[in-house]
Structures are given as structure tokens and as C-alpha cells.
Amino acid sequence: MLPSWRIRVLAPTILVVALWAVMSLGTTAYLRWAEESYNRLISVDVGVIGDVYRLEAVAWKMASAPGPDSADAKGSESELALQANELQSLAERLEQQAQTDPERSSIHRLQKLLPEVLADLGDPAKSTTVRRIAATRLAAETEVIKSLNRAYIDLSLSYLSRTQSWVLFVRMTLLTVGPLLGLYLGWRLAGRLQSSVTRIAAAL
């Protein structure tokens, strides 16, 4: 066991080092968590909105395909089939990326609506008006998904901002308190050592 005077000398140093270690490790852990959170927002949440816009663009492109009276109506059948497959793929990908219950519910409604919409959008015999109505129905549901996703992104960014403020406050507190505490403990230790030396000198 260490003598008491060594404990008194080492204790302030260990305490200050521990505070700095906590600050350093805590800051590193927070930065890693923040980076992962931002990456998730970019790769998933922003990606969902991009897929929704792509889905809308494909639907409106199908709605603008040549009508049944057009000379190009037959040639558009294969293109409409490819676009219908793309719509289904995008809807399936949205379902896989959904993160919240409201978003899952909205995407589920989109999945149920899709066969009805594709029956109109994918049929070159349907008039342009009918196909535009189908695209409008689809766009109404995708707008809900976009709104939910934007709200989730805003909420996540707000939480990240609040967490950042709290971490910076704690870090600045430790940066301020650590050295001051070290100086105070060192000053007390110096006082005790001086008293001990004075008592020893008096005894001699």
C-alpha cells in the first residue's frame, strides 16, 4: 500500500487526468455517433425522398405517353411495361427503407394503390386524361410520404443540434473545471506539505 503522502500527491493528478480522459473519450464517441447519424440521414432519409421524386417522374412520364389515337401508341407498349416495372421496384425499395410507423402506413397505402394506378398508366389504350388522373392519385400519396420524411429529417437534425450543444457545454465545463480543480488541489497539497515541513523543522 502506498504511503499517505504519495496518495495525496497522486490523487490530484489522477483526478485531473481522469477528467481529461472522460472529456476526450466522450467527445470521440459523440463525433462517431454524429457522423453515423448524418450518414444515415443522407443515405436513407434523403434517399427515400429521391426515390419518391423518381417514382413521381416515372408516373408522369407514363401519363404523358402517346394516347390510343396516336401513331406511336403501339411503340409505347414496351416502354410503358419497363416504366411499370420501375415503379414497382421503387415502391418495393421505399417499403424496405421505411423507418417510422406513419411512413410504413403511407407506403403500404401506396403499395395497395399501385396495381390500380398501373392498370391505367400501363395501358396504351387508355386516354391521356385517364392516365393523368391515375398519376395524380399516385402523386397525392407520394406527397404524404415526402412530408413525413421531411418532418423526420427536421426532427433528427433538431435532436442532433441539441445534442451537439449539450456535448459542447459539458466539454467546455470540463475544460474549465479540470485545470481549476487541479490548481486548487495542488494549492491545498502545497499547503499541507509546507505545514508538514514546518512541524518537522520545529521538532528538530
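Colleague: Why is Y159 called partly exposed?

Modeller: Its relative accessible area is 45%. Buried means under 20% and exposed over 50%, with partly exposed in between (1.4 Å probe, protein chains only), so 45% puts Y159 in the middle class. Bear in mind that this is a predicted model: local features need pLDDT of at least 70 and side-chain atom pairs count only at pLDDT 80 or more, while totals for chains, interfaces and linings use all residues. Residues are numbered from 1 along each chain as its sequence is written, and side-chain values use heavy atoms, leaving out hydrogens and water.

Colleague: What makes W33 and Y159 an edge-to-face pair?

Modeller: Two numbers, since a pair of aromatic rings is described by the distance of the centres and the angle of the planes. Rings of Phe, Tyr and Trp (its six-membered ring) pair if their centres lie within 6.5 Å; planes under 30 degrees apart are stacked, over 60 edge-to-face, and the rest tilted. The W33 and Y159 centres are 6.0 Å apart and the planes are at 85°, so the pair is edge-to-face. W33 sits in helix 1 and Y159 in helix 4 (residues 128-203), 126 residues apart, and the pair links distant parts of the chain.

Colleague: Are Y30 and W33 buried or partly exposed, and what makes them so?

Modeller: Y30 has 13% relative accessibility, so Y30 counts as buried. W33 comes out at 33%, so W33 is partly exposed.

Colleague: What makes E56 count as buried or exposed?

Modeller: E56, another residue of helix 1, has 12% relative accessibility, so E56 is buried. Leaving aside residues up to four places away in sequence, E56 touches A139, T142, E143 and K146, where contact means heavy atoms within 4.5 Å.

Colleague: How many helices and strands are there in the chain?

Modeller: Four helices and zero strands, giving the pattern α-α-α-α along the sequence. Helices (H or I, at least four residues) and strands (E, at least two) are DSSP runs, numbered from the N terminus. Of the 204 residues in the chain, 29% are buried. Among contacts between residues at least 6 apart in sequence, 80% join residues at least 24 apart.
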